[in-house]
Amino acid sequence: MKGKNFLYSQKVAPYVFVLPFILSFAFFWVYPLITAFTMSFQDIGAIKTDWVGFANYTKLLKDKVFMIAVANSTKYMFFTLVLLIPFPMLFAVLMDSNIVKAKGVWKAVLYMPALTSVVISGTLFRLMFSEYKTGQMNLITQAFGLGTYKWLKNGWSGMLALLVLACWRWTGVNMLYFISGLKSIDSSLYEAADIDGASPVQKFLYVTLPLLKPTTIYVLTISVYAGLSMFLESYMLWAGNSSPNNIGLTIVGYLYKRGIEKNDMGYACAVGVVLLIVALIINFAQLILNGTFKKEED
Amino acid sequence: MKKKLISSIMSVAMAASLLAGCGSASGTPESTGSSDGGNTEATESGEAAAEETPNSTFGDANGTHLEMWTFVELHGQHYQDMAEIWNEQNPDRTIEITCTTYPYGDMHTKLLTSLEAGTGAPDICDVEVGQFPNVVAGLDQWLVPLDDYAKDYMPTMVPARMQTYQGEDGHYYGAPYHVGAAAMYYNVAAMSEAMGLSQEDVIAKIDGVKTWSDYETLGKEYLTALGDDSKHFTSVDTGGTDWLWLAMAEYGDDWTGGFDNPANCKLESVSKMLKMQQGWLKDGFAEISPDGHVDCEAGFQNIMDRNIVSFPKALWYMSRFTNYMPEEKGNWYIAKCPVFEDGQKCSVGIGGTGTVVTQQSQNKELAAEFLCWAKMSDEGEQHIWDKLGFDVCNTAMWTKDSIAHDDNNQYNAFFINYPYDVLNDIGMDNIGKISVVKISPTINEYVCTTTLNQVLEDPDYSVDDSLQELQDAVDMEQ
């Protein structure tokens, strides 16, 4: 009977329900986080580990390559936000409207890239952006009589290649988030707007957009982190972690370079901690600005 | 009752989702050896092995069991064949090997983690030369010194190659596959067509090239005869350090400083090579290798399109010809690299994989003995050449007809001359060595990402300034 009481206890039950999450969160997130934090104050060698205080962080401040990585990741994050929120939202609204025919096909086509391995698609994009005259992009520029271009050797075109890859890959996923957000909007609101004589643009601006806000905030939050922590796309596009003048180096790429390629875990952890802090600051700022932490108004 | 049922189902569902979370961690992307000098050998084979984890057990099921990891499937096949011969020759000490092929990055990460943790490492493991400094950092606490097991083979092994896998304490910790001697590849067919000479005449001219200035003379003669501005005699790399390694070897320099000295990148040899290359770029003698170096898809295409007709590369590049450019068969000639001044070394060992035995092995002695035999003995070296196509490190094999002049061997058949004749011509004392130590990855990386792009993409950029920047970046790490 005691066991039954335990299960039916309103005080205990919530804890039982959240326990699996708490356990996995503690084991896979909190524990590594604390370890990474302590490791960032250490010099971890093959045989012995020394405490070095803030040495890793002071070195990080002087590290020009790290600054390049931060700048690249930030730029990439900014542009993915600019491209991967409005356009998928637009596509989702189109999919939800009566204008588009064969919606299933379009959804499948847009979503398909997300199912492809980045290893394969990254390699294909690398070949497409090859500086050699047979590369896809150079075939196009040559068709317009512009000659060949070293796509993956210049800052802006390298970023362009990364963004093309990101858009190709994530537009469909973000569109699905917005479609599910649209499904939850009550159709009676649109009917009411129709009766009031609202135009399609007004309906979008005054009904769809405000009611999509929770979805938009969610997409924004994950996109900020996804943008800052991007690594694999750049890694595949430049066939490794080294790009000319570090134009494709990201924060996580630098972390990987330090931690795995150079086996300097202490310094890599310092990079990781900085990434976490930057991501937290940006996300808290945007969540506060969006009013997510405000108490629900009645 | 209903409540209880629902709560139980939910608990199960949550537990399941918890466990599912364990398995869904995204895999570490396989590194395929970036374009830096020490890594190129791993590139293609690493990619091939990336998508799966083949695991095979071979040898005598009743023998001593050995665990082995590699990142190139073909390497595993080498050990399979060698294990069978070993078991025939040593019926009282038979072995069984389980060989697992991991993607390049995964394998090295796993190995380092298990060595650090003190458990879980295999008995025998391949380590790519660029990663070797990380692994050898643990010295004899992690790895078994191979000195005693290799001593019978040492007199004929190329010393520079053994030293590449030396630890700070002077012991040898890795067994090499190949020399990776740098040589010059020439497209004789293209040159004879353009210059209107017979292939023999072109080869005679190539054999006459001793110094870089001879090389320039020959190249200009070819380009003048060809009269096509879009073609070049050679290509210089922005994504690889081979040219610079060659220059250092010629002057006996080593920018890493080895184990004892700090790294110094402001070397006369490096500066000379870069300035020479800037001159080549300005007058159209050379172009920049598409996509940074010749060991990539665009590089192969560039070679096949005859945009360049000569380039220096290690002898293991032969397999790129047989695998990716089979139609070039019979067109290419391999020769010694030119030098700056007479009497200099004309080659350098590039790339490589050292195989180690870990201290965690239960059968260290047997594993080390088998490893050294499989990689350094006559049987082992013959097999490495036949199956893997590497220029083997045991110089005693270089003059054997079964290796050097066997026309059934695909590499012997592919090129105009016999690769081992070139190797003998170079001689083991003329193959220089650039150390692979802790600072090496930093130097290679900075050179490939920044220095080479600065001075070659803009041939007017000051080489001295660029090398000073490199030195500053390196100093930050040492």
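**Entry 1: Chain A**

How many helices and strands does chain A have? I looked this up first in the predicted model. Chain A has 15 helices and two strands. I then took the extent of chain A along its principal axes, and its C-alpha atoms fill a box of roughly 80 × 70 × 35 Å. Chain A holds 298 residues, of which 32% count as buried. I also looked at contacts in chain A with a separation of 6 or more; residues 24 or more positions apart account for 65% of them.

I next consulted the domain assignment of chain A. It gives domain 1 as residues 1–39 and domain 2 as residues 55–289. Taken over C-alpha atoms, the centres of these two domains of chain A are 34 Å apart.

**Entry 2: Confidence**

I noted the scores of the model, which are ipTM 0.74 and pTM 0.80.

In which order do the six strands of the open sheet stand? I traced the order in chain B as β1-β3-β2-β4-β12-β5, with mixed pairing. At the edges I found β1 (55–59) and β5 (175–176) of chain B; each has a single partner strand, so one side of each is left without a neighbour in the sheet.

I followed the pairing from β1(B). Five bridges connect β1(B) with β3(B), residues 95–101, and the two strands run antiparallel. Within this pair, Gly59(B) has Glu96(B) in β3(B) as its bridge partner.

I also looked up what lies over the sheet. Helix α3 of chain B, residues 73–89, lies across β1, β2, β3 and β4 of chain B, and runs at about 175° to β3(B).

**Entry 3: Strand β4 of chain B**

Why is strand β4 of chain B largely enclosed by the rest of the structure? I checked residues 124–128 and found five of the five buried, so the strand is largely enclosed. I recalled that in a regular strand the side chains alternate between the two faces of the sheet. In β4(B), Ile124(B), Asp126(B) and Glu128(B) point one way, while Cys125(B) and Val127(B) point the other way.

I then examined the partners of β4(B). Strand β2(B), residues 64–70, runs parallel to β4(B) and is joined to it by two bridges; here Met68(B) stands opposite Ile124(B). Strand β12(B), residues 353–357, pairs with β4(B) in the antiparallel sense over five bridges. In this pairing, Val356(B) of β12(B) stands opposite Cys125(B).

**Entry 4: The domains of chain B**

I returned to the domain assignment, now for chain B. It gives domain 1 as 2–179 + 352–405 and domain 2 as 182–349 + 435–475. The contact takes 21 residues from domain 1 of chain B and 22 residues from domain 2 of chain B.

Which elements give two or more residues to the side of domain 1 of chain B that touches domain 2 of chain B? I found α5 (132–136) and α8 (159–164) of chain B. The largest share, three residues, comes from α8(B).

Terms used
Residues are numbered from 1 along each chain as its sequence is written. Chains are lettered from A and ligands numbered from 1 in the order in which they are written. A residue is buried if 20 or more other C-beta atoms lie within 10 Å of its own, exposed if 12 or fewer, and partly exposed in between; C-beta atoms are placed from the backbone. Helices (H or I, at least four residues) and strands (E, at least two) are DSSP runs, numbered from the N terminus. Two strands pair if DSSP finds at least two bridges between them. Two residues are in contact if their C-beta atoms, placed from the backbone, lie within 7 Å. Axes are lines fitted to C-alpha atoms, for helices over the stretch in contact, and angles run from 0 to 180 degrees between N-to-C directions. Domain bounds come from an automatic or database domain assignment.
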